[in-house]
Amino acid sequence: MTTIDFQLRRDPFGRLSLIDAAGTVHEGVAPVRAFPIQAPDEGLALVNTDGKEVIWIDTLDDLPAEIAALIREELSGREFMPEIRRIVDVTSFATPCTWTVDTDRGTADFVLRGEEDIRRIGTEALLISDTHGIQFLVRNQYALDKHSKKILDRFL
């Protein structure tokens, strides 16, 4: 369990500032997830501008609501990993090809260079990289609709 012996706030420039139990102020701290896909709310570090860990957080649920909200807000501004909810269409079953997908952030089109750009993460999740380096997450490939699964099976 995380011991809450720090304060977190935004400075006038919008950066996070952490005040530890000794009263030391750490300007410009940033949250970093240990397991961003499989356990996004567990195992987070607040690191300073040199990348050194200042505070370890076992789970966001252990924190007061206002501190957890600040951390989630900061993470959402830094991380961009749309989650694919449905595969609408692909231009071809040979690569490179363009995929049209529905994500948690809206409809998107991206180019898949090759099957090697689809990586398995655990038993259910997939990470798909497009030609621009944007990574799309399929949290549970088995929970997709029948049409999406059929398309995905052609590439796996």
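**Ground rules.** I note that this is a predicted model, in which local features need pLDDT of at least 70 and side-chain atom pairs count only at pLDDT 80 or more, while totals for chains, interfaces and linings use all residues. Residues are numbered from 1 along each chain as its sequence is written, and side-chain values use heavy atoms, with hydrogens and water left out.

**Ser148 and helix H2.** I placed Ser148 in helix H2, where helices (H or I, at least four residues) and strands (E, at least two) are DSSP runs numbered from the N terminus. Ser148 is buried, with a relative accessible area of 0%; I use buried for under 20% relative accessible area, exposed for over 50% and partly exposed for what lies in between, with a 1.4 Å probe and protein chains only.

**The sheet S6-S7-S8.** I then followed the three strands that form an open sheet in the order S6-S7-S8, with antiparallel pairing; two strands pair if DSSP finds at least two bridges between them. Strand S6 (84–90) and S8 stand at the edges with a single partner strand each, so one side of each is left without a neighbour in the sheet. Neighbouring strands of this sheet are turned by 30° against each other on average, direction ignored. Helix H2 (residues 146–155) packs on the sheet and touches S6, S7 and S8, its direction making about 70° with that of S6; axes are lines fitted to C-alpha atoms, for helices over the stretch in contact, and angles run from 0 to 180 degrees between N-to-C directions.

Strand by strand, I recorded that five bridges join S6 to strand S7 (residues 97–103), that a hairpin joins S6 to S7 through six residues, and that Arg86 stands opposite Asp102 in S7. S7 and S8 pair over seven bridges in the antiparallel sense and form a hairpin with two residues between them, and here Thr100 stands opposite Asp109 in S8.

**Ile84.** I found Ile84 in strand S6, buried with a relative accessible area of 3%. Not counting residues up to four places away in sequence, Ile84 touches Val101, Asp102, Thr103, Phe110, Ile128, Phe136, Leu137, Val138 and Leu144. I also checked Val32, which is 52 residues from Ile84 in sequence and 23 Å from Ile84 in space, C-alpha to C-alpha.

**Asp117.** I located Asp117 in the loop between strand S8 (106–112) and strand S9 (118–121), and noted that Asp117 is buried, with a relative accessible area of 11%. The side chains of Asp117 and Arg113 are joined by a polar contact of 3.2 Å, that is, a pair of N or O atoms within 3.5 Å, where within protein one must be able to donate a hydrogen and the other to accept it, and residues adjacent in sequence count only if both atoms are side-chain atoms. Beyond the neighbours within four places in sequence, Asp117 is in contact with Leu112, Leu127, Ile128 and Ser129; Asp117 and Ser129 are twelve residues apart in sequence and 5.3 Å apart in space, C-alpha to C-alpha.

**Helix H1.** Lastly I listed the buried residues of H1, which are Ile67, Ala68, Leu70, Ile71, Glu74 and Leu75. Seen down the axis of H1, these buried residues fall within an arc of 160°, so they line one face of the helix; the arc is that of the directions from the helix axis to the C-beta atoms. They pack against strand S1 (7–10), strand S2 (16–19), strand S3 (25–33), strand S4 (42–47) and strand S5 (53–59), while the face turned away from the buried side carries the exposed residues Ala65, Glu66 and Gly77.

Conventions: Contact means heavy atoms within 4.5 Å.
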